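Subject: Structure for you to look at

Hello,

Here is the structure I said I would pass on. My notes follow it.

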Amino acid sequence: MPPSDTNFQIFLIFQFCLGVIGNSSLLMLYVYTFFVKPYLKKLIDSVFMHLTIVNMSTIMFTLLKDIMFSFRVPNFLDDVGCKAVLFSLRVSRGLSICTTSVLSTFQVITITPSKSKFVSWLKPRLSTWIFSSLLCSWIINLFIYGFMIDLVIAKTNMTLVGRGFSHGYCQRKKFGKQNSEWLFSFLITHDFFYMSVMMYASLYMVIFLYRHRKTAQHLHNPSLSSQPSPERKATHSILFLVSCFVLTYWLNNFITFYGFYTKERNPRLEAINMILTASYPTICPFLLMKNNKVILQFTSSFSVLRMTCFQSSLPG
């Protein structure tokens, strides 16, 4: 086996372990907060928790089959396995873009002053809006990708090349001939809508942060800009989260469409695409942990304990 293959296998296993540990740890933190320290929970935590579960699902259904394929495990997925795994993966990825969009929209509503009648009416109903938005996301994605179940079968020839979907153990029926333009148009419309909402919300948050900084400079109040409020910290985190999602999303889709319409398969590009597909779910929990109150309390208590031990060890 070439060294490059070995390095790729090690990286996939490392990414899988990192993503599972990160998301499971974050999920346990949210469960701990909800049941043990409910006074620390915030409304946005329910969205974070949903995103963490979706990320875990994406990692499991993406990297497990990729790791098995990299080790050349034969017949790991049959027709039923391909349908189940690809359906679960696509639903998870669809929910990921929906949840990230809901997250950015929630933050926009939170930081927007209640001068607008619509905002003042919506803010007390945010919990209902979040539940309705996530429920609609589930229904839409299950409906859309339910049509894709019959389009995917297991590969019978691992050396098959040609236009159309072919990845690892699975391929599309009637390779390169089936007319499914309407389905792909619907998928593009679905993703474009949520990406547009996400981009608009991000632009609004950038303008909000810029105006806040200008206001602080105008008032000559350095503490206002040097010590950001919790809302500003959350806005920065969500902006960074959205930026990571948008970057990996477009790179992943560009490589996917390139491979879809080319006759020759490029193993190097396919390997990069495998890594990109699970990169956002892997990075996401560590970005969310940055402002988690339980972790901040723990690190603060640990710092105080360490300082106390250091002072007690000094000669009197």
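This is a predicted model: local features need pLDDT of at least 70, side-chain atom pairs count only at pLDDT 80 or more; totals for chains, interfaces and linings use all residues.

For residues 192-210, the model gives 100% helix and 0% strand, with 27 Å between the end C-alpha atoms.

One residue I looked at in detail is Ser-202, which is in helix H6 (residues 181-218). Ser-202 has a relative accessible area of 10%, and because the cut-off for buried is under 20%, Ser-202 counts as buried. A polar atom of the Ser-202 side chain lies 2.8 Å from the backbone oxygen of Met-198. If neighbours within four places in sequence are set aside, Ser-202 is in contact with Leu-239 and Val-242. Gln-107 is 95 residues from Ser-202 in sequence, and the two are 9.5 Å apart in space, C-alpha to C-alpha.

The other item is a pair of helices, H9 (residues 267-277) and H10 (residues 279-289). Their axes come within 4 Å and cross at roughly 35 degrees. On the H9 side the contact involves Ile-275, Leu-276 and Thr-277; on the H10 side it involves Ser-279, Tyr-280 and Pro-281. By class, the contact of H9 with H10 has 4 nonpolar residues, 2 polar ones and no charged ones.

Regards

Note on methods
Residues are numbered from 1 along each chain as its sequence is written. Side-chain values use heavy atoms; hydrogens and water are left out. Axes are lines fitted to C-alpha atoms, for helices over the stretch in contact, and angles run from 0 to 180 degrees between N-to-C directions. Helices (H or I, at least four residues) and strands (E, at least two) are DSSP runs, numbered from the N terminus. Contact means heavy atoms within 4.5 Å. Ala, Val, Leu, Ile, Met, Phe, Trp, Tyr, Cys and Pro count as nonpolar, Asp, Glu, Lys and Arg as charged, and the others, Gly among them, as polar. Buried means under 20% relative accessible area, exposed over 50%, partly exposed in between (1.4 Å probe, protein chains only). A polar contact is a pair of N or O atoms within 3.5 Å; within protein, one must be able to donate a hydrogen and the other to accept it, and residues adjacent in sequence count only if both atoms are side-chain atoms.
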